[in-house]
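Thank you all for coming.

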Amino acid sequence: MVRTVGRNWWAVAAAMLAVASACEEPQSPESRPKLLLTDGATLAVDVNTTPALPDVNSTSSIDPDGYTVWVDGSASQAVGTNGLVTFSGLAAGDHEVALYGIAPNCSVSTPDRGSNNPRGVWLITGVGAAVDFSLACGSFGELFVSTNTTGVDPGGGYTVTVDGGASQPIAANGNVTFTLLYAASHTVVLSGVAGNCTLTGSNSQQVNVSAGQTASLTFSASCGPGSGTLTVNTGTTGSNPDADGYTVTVDGTTSQAIATNGSATFTVPAGANPVALSGVASNCSVSGANPGTVTVPPGGTGAATLAVTCFVPGARVSGAGQLGLGSPTSHNGNVQTFDFDVRADLTGQFTISAYPEDGTIAMVFVDPSADPATFFKAYRTSSNACSDPSHGVEFDALGRDGPDLVNVTGIVCDDGAQGSGRDFLSFFIIKPQAAGIGRSGMVTSGDIVKN
């Protein structure tokens, strides 16, 4: 049920009473059958027109010839700019009420119902209802707002607001129009500008709208690649961690000291940013790529965690190279290549490859991260096989040879500088139900380093 509103409730009630006792039907030049019911509902339509700003002190702008009220597009009555009409004998149910003949400088502005015209009303037989239309008449114009954005990463557009009220979204390069603005000065604000964009001038501008005219206003912005925040964390585990921490460098240009278990924050350009950790002690190693790459969105955040593992000094040995002369290719049975990084905490990997005469490549490896069935059993921090036993390491492991698990023993010696030919490697592999195989010799290419 629609509540009874209007200039005066008693006037509306009196009008409905008068209609109920009238002898003539209400004006209905194109009436539908449902509008001719004599025992139907009664509807009062109240119209109230006032001058709008900036014409509030003058009534010259008010529509002089009034309006026409239509119900369901079938029955109509003329009504004054401030008047009241009633329709009786209406069928119960939903009806549509519309106000026509509104001058171009007037608009419906009923505060509690927006500017709905037409609007609906629900009627009940024997019960009166009322609909009110409030109008404001004055000098109106339009405002055309456009945006011009250059550069990269402009974001998802902006919002335009007029006089702190009516708002519309607008693209980074787009336009919108505001209609029925009073002929006066208006404040136009552009909001939602991305952090990597800069407006030319203020985001709040004044514009004068003239009656019957369209004013225009353009906001210009330039957008850069943007920036964001990058946080780098370090996590160090193991024995004898680096006492003085590390240095983290972003984009190869900006560096900060960082603790072994700490964090550092950088303001960086949006996009991919290389992150490198340096100053890592020789008995420590960085897991994963170093440098790595972190992507930071414009105005957003990115994070990188660099994991470092440290060992007792001297409790790590690594190397890569070959035994034997010649190219490490198939059919060269005189060459074996090696690649290993073995640690006292029984982590790391060891790979030995051979190139038999049948053209295949035989490989035995120990790598718990790739094959959990393989593992290191023992690590000895010296070896009498070396010219200086303290330069040597011996280790035992269970490795993989094709489908088989095999026992592997390795002896390595860091007896000389890289390329000196003094480093030594010995490996022995015991295969199930087969004779063991192995080789010992000086490293002919590559290097072995004990940390």
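Let me start with a term: a nonpolar core is a set of buried Ala, Val, Leu, Ile, Met, Phe, Trp, Tyr and Cys residues joined through side-chain atoms within 4.5 Å, where buried means under 20% relative accessible area, exposed means over 50%, and partly exposed lies in between, with a 1.4 Å probe and protein chains only. What you see is a predicted model, in which local features need pLDDT of at least 70 and side-chain atom pairs count only at pLDDT 80 or more, while totals for chains, interfaces and linings use all residues. Residues are numbered from 1 along each chain as its sequence is written, and side-chain values use heavy atoms, with hydrogens and water left out.

The largest nonpolar core has 25 residues, and those that touch the most other members are L43, V45, V69, F87, V97, L99 and F133. Elements giving two or more residues to this core include β1 (41-51), β4 (83-90) and β8 (128-137), strands being DSSP runs of E of at least two residues and helices runs of H or I of at least four, numbered from the N terminus. With five residues, β8 gives the most to this core. Apart from it lies another core, of 22 residues, with V317, F340, F395 and A397 among them.

For the chain as a whole, there are one helix and 34 strands, and 44% of the 451 residues count as buried.

Is N273 buried or exposed? N273 is buried, because its relative accessible area is 1%. Its side chain reaches the backbone oxygen of P269 at 3.2 Å, and, leaving aside residues up to four places away in sequence, N273 touches L230, V250, D251, V268, G292, T293, V294 and V296, contact meaning heavy atoms within 4.5 Å.

Lastly, I124 sits in the loop between β7 and β8 and is partly exposed, because its relative accessible area is 40%.

Note on methods:
Polar contact = N/O pair within 3.5 Å; in protein donor to acceptor, adjacent residues only side chain to side chain.
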